Amino acid sequence: MDAATLTHSILRIGGRARRDDDELAFGPGGDPVYPTPFRIALAASAALGAVGLALADVWRLRTGRGQIVSVSPRAAAASLKSSAYATLNGKVAKIWDPLTGHYRTRDGRHIFLHTNHPHHRAAALRIAGARGDARADLEAAVANLDALAFETALAAEDGIGAMVRTRDEWAGLPHARALAALPLFEIERIGAAPPPPFPAGERPLSGLRVLDLTRVLAGPTAGRSLAEHGAEVLHLTAPHIPYQTELLYDTGPGKRCAWLDLDKPEGPGALRELAARADVFLQSYRPEALAKRGFGADALAKLRPGIVVTTLSAYGHSGPWALRRGFDSVVQNAMGLAALNSSLDGPKNMPVQALDYIGGYLAALGTILALARRAREGGSWRVRVSLAQVAHWLAHLGTMDARDGAEPGPVEIAALMTESASPFGRVAHFKPVLSLSETPGFYATPPEPFGTSKAAWL
């Protein structure tokens with residue numbers, strides 16, 4: 001399947017039919033780009049192409065004019081690793097904790113442990129029964145455990161990890177069957193509201209307000225994608241919630257970052273005030289986590305008729321694993337992608353964070369499509385996507401021989417990057433990969449630490 005055909009198949013999922021005046025172009029090059037058998041350049045190009053056509057639709061609603069959308073497949077593939085290329089004052093950011101990785105278990109299998117956040121690191125050591133906190137201590141402890149039993153204990157006790165499975169083993173699980181029933185992403189109307197006009201502005205998303213309550217890569221990438229095309233994005237978290245600040249070098253351009261603590265007496269009220277004036281509420285906590293605090297999609301639609309509520313999760317919103325914690329690297333192993341990328345006996349994760357970034361692009365896409373439907377039809381809308389839905393889709397695009405992959409070199413990567421003088425220091429990060437002919441994407445502000453801005457709309 002070529003990228004243009006895949007782009008339109010993605011848009012059909014969101015209810016957007018192919019138009020005779022669509023103008024979509026893909027540059028030269030394509031898979032394989034990195035040493036992985038998955039068609040990541042095709043997948044990333046198509047997802048970004050779909051975002052571009054959705055933005056062109058919004059521009060057409062604003063001005064009556066369309067736009068030419070273009071994507072470089074090699075740049076799209078490289079964007080799936082953009083956090084690894086970001087630098088602060090010329091130095092590459094440290095992203096991975098030394099304990100994160102694959103471990104062999106007593107039954108001859110492997111388990112992947114994610115320990116980038118301190119509480120997840122502590123949980124892995126505690127549940128494994130490690131005698132110390134070094135990698136060798138954890139390896140020795142895990143070697144005395146069976147993979148499935150350890151995975152089950154981690155899920156029950158706030159740890160994060162996954163037994164390495166084959167694709168067939170994953171397909172036999174009840175959650176795999178629940179996931180297979182879901183589309184790549186979902187858009188549904190959840191309330192009534194009159195159709196609002198788009199605010200005045202010179203960019204497709206100008207004048208639209210986005211509350212970004214996300215963490216790590218997928219959700220923040222969605223927020224960054226909306227900021228790239230003019231939305232006012234206010235990224236919120238609380239000081240006590242672990243956050244890898246280094247990831248903001250990559251996902252923070254164009255946003256303002258502020259503290260807001262829902263555990264403080266004034267926190268819920270402050271968030272309600274912000275949500276009441278927002279166009280989009282973007283969040284990546286586990287399903288129902290914010291609903292328990294009064295910020296579920298239905299409650300938000302009542303508070304602010306016409307809002308678009310976009311939710312990213314690890315394993316989707318239905319099935320026995322819906323509430324299970326997970327990240328891109330963990331989902332890859334649970335669903336058989338890490339084994340298919342290498343082997344069951346020597347699993348390796350993909351060399352890019354494809355689930356995170358493509359999940360972020362699709363969340364942005366669903367949001368933009370929902371905003372366009374709101375402008376035409378009115379209503380409040382919910383958008384849902386998960387890392388597992390992306391993994392299921394990516395696996396079904398098929399695999400290839402990647403031995404001839406030409407990974408981008410330093411010169412090629414440097415051409416994709418820009419530098420910002422930020423409160424962090426001199427940050428180098430990716431430029432927008434998606435190209436629009438009339439309204440080229442750009443970041444109006446550099447990345448900033450949380451607490452730099454106030455939790456208030458401009």
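Mentor: Before we look at this predicted model, keep one definition in mind: two strands pair if DSSP finds at least two bridges between them.

Trainee: What makes strands β15 and β16 a pair?

Mentor: Between β15, residues 417-422, and β16, residues 425-430, there are 6 bridges, and the definition asks for at least two, so the two strands count as paired. They run antiparallel, and a hairpin of 2 residues links β15 to β16.

Trainee: Which residues of β16 stand opposite Met417 and Ser420?

Mentor: Opposite Met417 lies Phe430 of β16, while Ser420 has Val427 of β16 as its bridge partner.

Trainee: Why is β15 called an edge strand?

Mentor: The open sheet has 4 strands in the order β4-β3-β16-β15, with antiparallel pairing. Within it, β15 and β4 (91-92) each pair on one side only, which is what makes them the edge strands.

Trainee: Turning to helix α5, why are some of its residues called buried?

Mentor: A residue is called buried because its relative accessible area is under 20%. In α5, residues 118-128, that label belongs to His120, Ala123, Ala124, Leu125, Ile127 and Ala128.

Trainee: What do the buried residues of α5 pack against?

Mentor: Those buried residues pack against β6 (110-113), α6 (135-142) and α7 (147-156), where contact means that heavy atoms come within 4.5 Å.

Trainee: Which residue just after α5 takes a positive phi?

Mentor: That is Gly129, whose phi is about 80°.

Terms used:
Residues are numbered from 1 along each chain as its sequence is written. This is a predicted model: local features need pLDDT of at least 70, side-chain atom pairs count only at pLDDT 80 or more; totals for chains, interfaces and linings use all residues. Side-chain values use heavy atoms; hydrogens and water are left out. Buried means under 20% relative accessible area, exposed over 50%, partly exposed in between (1.4 Å probe, protein chains only).
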